[in-house]
Amino acid sequence: MRFEKVIVLITLALVLGWGLGATKDAAKIGFVDVQRVMASSGKGKAAMEELERKAGEAQARIRPMAEQLQQIQDDLRRKGVTLSDQAKQAKQLDMAELRSKIESQSQEEENQLKIDQQRLFGPLQERFIEVVREVGQENDFSVIMMSDAPGLVYRREALDITDLIIKTFDSKG
């Protein structure tokens, strides 16, 4: 981890040093908060709402099984003393089967949500990179980095161009 930070800092120093040597202008650096862009842009909000809707639907598909499991557990707790050993064993087997179904369904839903997330956010991430490059070129930035870049310990708030990226992202679709 520490080695990665050193490499990033050395690379940044070389890029900035090379860039300063190639031009008389001062290096122009910007930082962008990717999470805020995705959460604040129109398309990012729409993608997040769609993903949340799909997650709600997934939970709704699992909820009846969880409620059924809870009913069986409650029933076994209330009537456990009066049930025969065979009946207890049957309820325990029903609970084990239902737990297995719930786990399987949960895993399937989680995998589907990951796929949906890639479908929804993959194109947005590609567009985000294009927009950052456009903003960088149009505004003569030497470097634009993500706010959560490894090795970044401090940055001035004045260097944050997230709002500009959001505005451009929304205006260029």
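In this predicted model, helices α3 and α4 pack with their axes 9 Å apart and at an angle of about 180°. The angle is over 145°, the cut-off for the term, which makes α3 roughly antiparallel to α4. Sorted by class, the residues in the contact of α3 with α4 are 18 nonpolar, 7 polar and 12 charged.

**The pair α3 and α4**
- Helix α3 spans residues 42-79, and helix α4 covers residues 85-138.
- A96 is located in helix α4.
- The C-alpha atoms of A96 and L69 lie 9.1 Å apart in space, although 27 residues separate A96 and L69 in sequence.
- A96 has a relative accessible area of 40% and is therefore partly exposed.

**The pair α4 and α5**
- Helix α5, residues 162-171, and helix α4 have axes that come within 10 Å of each other and cross at roughly 115°.
- The crossing of α4 and α5 is right-handed.
- On the α4 side, the contact involves L124, R127, F128, V131, V132 and V135; on the α5 side, L164, I165, T168 and F169 take part.
- Grouped by class, this contact of α4 with α5 has 8 nonpolar residues, 1 polar residue and 1 charged residue.

**Burial of α5**
- The buried residues in α5 are T162, I165, I166, T168 and F169.
- Of these, I165, T168 and F169 are buried and also meet α4.
- The cover over the buried residues of α5 includes helix α4, together with strand β1 (29-32), helix α2 (34-40) and helix α3.

**The protein as a whole**
- The secondary structure comprises 5 helices and 2 strands.
- Read from the N terminus, the elements follow the order α-β-α-α-α-β-α.
- Of the 173 residues in the protein, 27% are buried.
- Among contacts with a separation of 6 or more, 80% are between residues 24 or more positions apart.
- The protein exposes about 12100 Å², and carbon and sulfur atoms supply 54% of that area.

Terms used
Residues numbered from 1 in each chain as written. Predicted model: local features only at pLDDT ≥ 70, side-chain atom pairs only at ≥ 80, totals over all residues. Heavy atoms only, no water. Axes fitted to C-alpha atoms, helices over the stretch in contact; angles between N-to-C directions. Helix = DSSP H or I, 4+ residues; strand = E, 2+ residues; numbered from the N terminus. Left-handed = near helix turned anticlockwise from the far one by under 90°. Contact = heavy atoms within 4.5 Å. Nonpolar A, V, L, I, M, F, W, Y, C, P; charged D, E, K, R; others polar. Buried < 20%, exposed > 50% of the residue type's maximum accessible area, 1.4 Å probe, protein only. Areas by Shrake-Rupley, 256 points an atom, 1.4 Å probe, with all protein chains shown as cover. Parallel < 35°, antiparallel > 145°, perpendicular 65-115°, else oblique.
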